[in-house]
Amino acid sequence: MLTTLNTSYTDTRAADLAWALGREPLPALAALDLELADTKLQLRLLGASHQVLLEEERGICSETVACIAGSSTPLPLGVAKRVDDWEYEFAARVEVLSPGTFKGRAQELLALVADHPHGLVGVFPGSPYAFTALLAQHHEGQVHWRTWHAYPQDGQLVATRTKVGVHVPAAVFVN
């Protein structure tokens, strides 16, 4: 699903992005509700980037990657932790691209996500390549999502990958 976001472009630098786990739902400019297997997932576009809310019978997990006022947790390269009964894995990278390469990559991502039934992309006013995109899937009992945050003025593309699955306790062997 492609949408034009009626807001100013507030997260204007990749370096300003922060990561948070477990935040309450923030006001969304656009949202896509999905049901993947027994998991309810809401992909949310914020004025300052994205939030994903995952809900199962075990509880709720939320991930926020955005310019968060007062946040002291910068965007990490990777996180792996247990959240209630889930194993949560997150990875992020910042790509710096030449103007031509950036434009081509942005067009590919916009086409991929806009037409995908589990995709949500919001384009900010001022540039067709200033966007935040989210794409989700369910695979082998786990929920995965990828996001892209595009900063055309700097040629930067922030890509994240998240995987959430049920925690499987280690087997105990008795002799």
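Strand S3 has one covered face, formed by Ala30, Leu32, Leu34 and Leu36, and one uncovered face, formed by Ala31, Asp33 and Glu35. In a regular strand the side chains alternate between the two faces of the sheet. The model is a predicted one.

S3 belongs to an open sheet of five strands, arranged in the order S2-S6-S5-S4-S3 with antiparallel pairing. Strand S2 (18-21) and strand S3 (30-36) are its edge strands, each pairing on one side only. Within this sheet, neighbouring strands are turned against each other by 10 degrees on average, direction ignored. S3 and S4 run antiparallel and are joined by seven bridges. In this pairing, leucine 34 has leucine 41 of S4 as its bridge partner. The hairpin of S3 and S4 has two residues between the strands, and alanine 37 in this hairpin takes a positive phi near 55 degrees.

Glutamine 42 is located in strand S4 (residues 39-46), and its bridge partner in S5 is leucine 53. The relative accessibility of glutamine 42 is 18%, and the residue therefore counts as buried, the limit being under 20%. The side chain of glutamine 42 forms a polar contact of 2.8 Å with the side chain of arginine 44. When neighbours within four places in sequence are left aside, glutamine 42 is in contact with Ala31, Leu32 and Asp33, as well as with Gln51, Val52 and Leu53.

Histidine 50 lies in strand S5 (residues 49-56). With a relative accessibility of 0%, histidine 50 counts as buried. A polar contact of 3.1 Å links the side chain of histidine 50 to that of histidine 149. Residues up to four places away in sequence not counted, histidine 50 touches Arg44, Glu63, Thr64, Val65, Ala66, Thr132, Leu134, Thr147, His149 and Thr160.

Strands of a sheet pair through backbone hydrogen bonds, either parallel or antiparallel. Strand S8 (residues 86-96) and strand S12 (residues 156-166) are paired in the antiparallel sense over 11 bridges. Arginine 161 in S12 is the bridge partner of alanine 91.

Valine 164 is placed in strand S12. Its relative accessibility is 2%, so valine 164 counts as buried. The C-alpha atom of valine 164 is separated by 4.7 Å from that of tyrosine 88, although the two residues are 76 residues apart along the chain. Not counting residues up to four places away in sequence, valine 164 touches Leu54, Trp86, Glu87, Tyr88, Gln142, Val143 and Trp145.

The largest nonpolar core has 32 residues, of which Leu41, Leu43, Leu54, Leu75, Tyr88, Phe90 and Trp145 touch the most other members. Leucine 75 is in contact with Leu17, Ala18, Trp19, Val65, Phe90, Ala92 and Val158, its neighbours within four places in sequence left aside. Another core lies apart from the largest one and has 17 residues, including Leu97, Phe102, Val113 and Val123.

The cysteines were also examined. A search of the whole structure finds zero disulfides. Cysteine 61 has a relative accessible area of 3% and is therefore buried. Cysteine 67, in contrast, is partly exposed, with a relative accessible area of 23%.

Key:
Residues numbered from 1 in each chain as written. Predicted model: local features only at pLDDT ≥ 70, side-chain atom pairs only at ≥ 80, totals over all residues. Heavy atoms only, no water. Pairing = 2+ DSSP bridges. Helix = DSSP H or I, 4+ residues; strand = E, 2+ residues; numbered from the N terminus. Buried < 20%, exposed > 50% of the residue type's maximum accessible area, 1.4 Å probe, protein only. Polar contact = N/O pair within 3.5 Å; in protein donor to acceptor, adjacent residues only side chain to side chain. Contact = heavy atoms within 4.5 Å. Disulfide = S-S within 2.5 Å. Axes fitted to C-alpha atoms, helices over the stretch in contact; angles between N-to-C directions. Core = buried A, V, L, I, M, F, W, Y, C linked by side-chain atoms within 4.5 Å.
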